Amino acid sequence: MSIDPQPPAARRDRTGYLYLAVIVAVLAGILVGLVAPGVGESLKPLGTGFVNLIKMMISPIIFCTIVLGIGSVRQAAKVGKVGGLALGYFLIMSTVALAIGLVVGNILHPGSGLDLQGGKAPDTSGSEGTVDFLLGIIPTTLFSALTNSQVLQTLLVALLVGFAIQAMGQTGEPILRAVGFLQRLVFRVLAMVMWVAPIGAFGAIAAVVGETGWKALAGLLQIMLGFYLTCAIFVFLVLGLLLKLVTGLNIFSVLRYLGREFLLILSTSSSESALPRLIAKMEHVGVSRTVVGITVPTGYSFNLDGTAIYLTMASIFVADALNKPLAVSEQIGLLLFMIIASKGAAGVTGAGLATLAGGLQSHRPDLVDGVGLIVGIDRFMSEARALTNFAGNAVATLLVGKWSGEFDKDRADLVLRGDDPFDEATMLDDEPATEEREPVVAAQRTSEPI
């Protein structure tokens, strides 16, 4: 009788150590900046070097995520009404989230007063006209955009390639799979880069605290608290009001029903860690399996509300901290860029920084180095991003179910009252996935929200 070999042990997730290392590095950087300001300022190249590594990843990340994002649109479009409702809702709500981030950022001006550039105004003497700007988006060759750090050119090429693969139908599937493998390679490299994030955070925080003292700490605390407040406003007011008007459900009841998932996200800083549970719980609460199977996976790539708020508020913070504020036209252009660039980026650790750097690179290259200011506090905001993304996808599933006529309100009331509790036994790790659910979970490409 043959003995079945033991299954390979699961690889231990060590990203928690990275999180702790960043926290220690930030605290050490603050201490150095306050005790020895001159030494702190001399450490600025450490932060600059890390930002340069992030800039190196901008073009491949944008290319892969946009191409695969368009592929996800094609998959969702196959299902007709439900996919169309989901995609339309995701586009509108992501735009709303970006706009809210811009409004709150302009009200708070969290980076104002740091004056890290001594009041220098951006040089606009050589600004190009609209025609030159539009012509500059067209790259010399199809692949040159991936090597010359021109973000808008990369975006154009990614859109063209994505729609071309879409038009090829089944013939384009091997190319889409190849881009998927390329994305895995790019994200693996990015994961390696992120292991030096503590060094970059230490240098960046030490330099800014050494240069401005306690004002830097006040500015960093303001952007974090402002971001948390904005996420709360979006979830409880915007999503809560929409959920009540459309389905009649209370947002607090839904969030309480998903309490275990929120705790799981807090412990992992990843909304995708709760994806299988969200699928099961949305089916249990009364949304049809078809709607859940389409809306949840697509939302994890296209409905990143917390990330959208983060991108816009962080951009304004960097601009104000460098005393080079963004004009209204630049903010609108940045918003439009973020709407496109954030799509398809289910993301990994550091992808948010890369997308932020890409947006600034495309509109105000003189602000890119300021991304180093965000490195130290990015991880402190990752939980709020993940929780907001997760709440947004849960609400989206309920709304799409209602709009498509595949939502049982009576069952939802029963479940949310606690009369029909969710059976945790269905989520045991050793239970095989159902035939319908398996491809939904496998479709996810990454593990950490941006």
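In this predicted model, the charged end of K281 sits over the ring of Y257, 4.9 Å from its centre. R385 does likewise with Y310, its charged end lying over the ring at 4.3 Å from the centre. Here a charge counts as sitting over a ring if NZ of Lys or CZ of Arg is within 6 Å of the ring centre and within 35 degrees of the ring normal. As this is a predicted model, local features need pLDDT of at least 70 and side-chain atom pairs count only at pLDDT 80 or more, while totals for chains, interfaces and linings use all residues. Residues are numbered from 1 along each chain as its sequence is written, and side-chain values use heavy atoms, with hydrogens and water left out.

Y310 also turns up in a helix contact, on the α14 side. The axes of α9 (residues 214-247) and α14 (residues 305-321) come within 10 Å and cross at roughly 145°; axes are lines fitted to C-alpha atoms, for helices over the stretch in contact, and angles run from 0 to 180 degrees between N-to-C directions. Helices themselves are DSSP runs of H or I with at least four residues, numbered from the N terminus. The contact (heavy atoms within 4.5 Å) involves G219, L220, I223, G226, F227, T230, C231 and F234 of α9, facing D305, G306, I309, Y310, M313 and F317 of α14. Sorted by type, these residues come out as 9 nonpolar, 4 polar and 1 charged, where Ala, Val, Leu, Ile, Met, Phe, Trp, Tyr, Cys and Pro are nonpolar, Asp, Glu, Lys and Arg charged, and the others, Gly among them, polar.

On to the aromatics: there are 6 aromatic pairs, with rings of Phe, Tyr and Trp (its six-membered ring) pairing if their centres lie within 6.5 Å. Planes under 30 degrees apart count as stacked, over 60 as edge-to-face and the rest as tilted. Y89 and F90 make an edge-to-face pair, 6.0 Å centre to centre with 65° between the planes, and together with W403 they form one aromatic cluster. F227 is buried at a relative accessible area of 1%, whereas Y228 is partly exposed at 33%.

Finally, N323 is in the loop between α14 and α15 (328-341) and, at 31% relative accessibility, is partly exposed. Its C-alpha atom is 9.9 Å from that of L367, 44 residues apart along the chain.

Conventions: Helix = DSSP H or I, 4+ residues; strand = E, 2+ residues; numbered from the N terminus. Buried < 20%, exposed > 50% of the residue type's maximum accessible area, 1.4 Å probe, protein only.
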